[in-house]
Amino acid sequence: MGKREIENWFPQLTETYYVITSPETPEYNCIAWAACDSEAWWWPDPFNVAFWPSDIPREETLEAFIKAYNSLRYVLCDTQDYEEGFEKIALYEKNGKPGTVKRFV
C-alpha cells in the first residue's frame, strides 16, 4: 500500500509526520511488524491461516488486538506522549475494525 492509499484510509495522518518504514510484503503485515515479527502474517482469521496467538480470540475486534499485544507484554497506556524507555504501538481502526498498527520507539 502506497502513501496515498494509506492517507485515503487514514486521512488524519496528513496532519502528522510519519514515514513508511518498510515496503508492503506478502511475508508479514503491519500487525506482525509491530510485534517485531517479520516472518509471519498476523491476522485473527477464523480459519487459522494466518498466525495469531493461540490463547487470544480469533476475531477482528479492538479487544482481541489489545489482548494479542498484551500477550507480548504491551500494556495500555494513559498517554500517547513519548516516554523515555518505553516502546509504544498505536492501533488504528476503521469502521469498527482494527487494521493498521504503528510502532514508536
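**Before you click**

This is a predicted model, so local features are taken only at pLDDT of at least 70 and side-chain atom pairs only at pLDDT 80 or more, while totals for chains, interfaces and linings use all residues. Residues are numbered from 1 along each chain as its sequence is written, and side-chain values use heavy atoms, with hydrogens and water left out.

**Stop 1: colour by pLDDT**

pLDDT is the predictor's confidence in each residue, from 0 to 100. The protein chain averages 86, and 93% of the residues score at least 70. Helices (H or I, at least four residues) and strands (E, at least two) are DSSP runs, numbered from the N terminus.

**Stop 2: salt bridges**

A salt bridge here is a side-chain nitrogen of Lys or Arg within 4 Å of a carboxyl oxygen of Asp or Glu. By that rule there are four. We'll visit some of them.

Select Asp45 and Arg58, whose side chains form a salt bridge at 3.2 Å, N to O. Both residues sit in the loop between α2 (30-34) and α3 (62-70), so the pair ties together parts that are 13 residues apart in sequence. Is Asp45 buried or exposed? Asp45 is buried at 11% relative accessibility, whereas Arg58 is partly exposed at 26%. (Buried means under 20% relative accessible area, exposed over 50%, and partly exposed in between, with a 1.4 Å probe and protein chains only.)

Next, show Lys67 and Glu63, another salt bridge at 3.2 Å, N to O. Both lie in helix α3, four residues apart, which is about one turn of the helix. Lys67 is partly exposed, at 34% relative accessibility.

Then jump to Lys88 and Glu83, where the N to O distance in the salt bridge is 2.8 Å. Lys88 is buried at 11%, and Glu83 is partly exposed at 29%. Keep Lys88 selected, as it comes back at the last stop.

**Stop 3: positive phi**

Most residues other than glycine have a negative phi. Cys36 has a positive one, near 65°. Look for Cys36 in the loop between α2 and α3, where it is exposed at 54% relative accessibility.

Asn95 also has a positive phi, near 55°. Find Asn95 in the loop between β1 (88-94) and β2; this residue is exposed too, at 72%.

**Stop 4: the second largest pocket**

The volume is about 740 Å³.

A pocket is found on a 1 Å grid over the protein atoms alone: it is an open set of points where a 1.4 Å probe fits, with protein on both sides within 12 Å along at least five of seven lines, and lining residues have an atom within 4 Å of a point. Grid points are joined across faces, edges and corners, and the volume is the space filled by probe spheres set on the points.

Highlight β1, which gives the largest share of the lining, five residues. α3 and β1 each supply at least two. Colour the lining by type and you get 15 nonpolar, three polar and six charged residues. Nonpolar covers Ala, Val, Leu, Ile, Met, Phe, Trp, Tyr, Cys and Pro, charged covers Asp, Glu, Lys and Arg, and the others, Gly among them, are polar.
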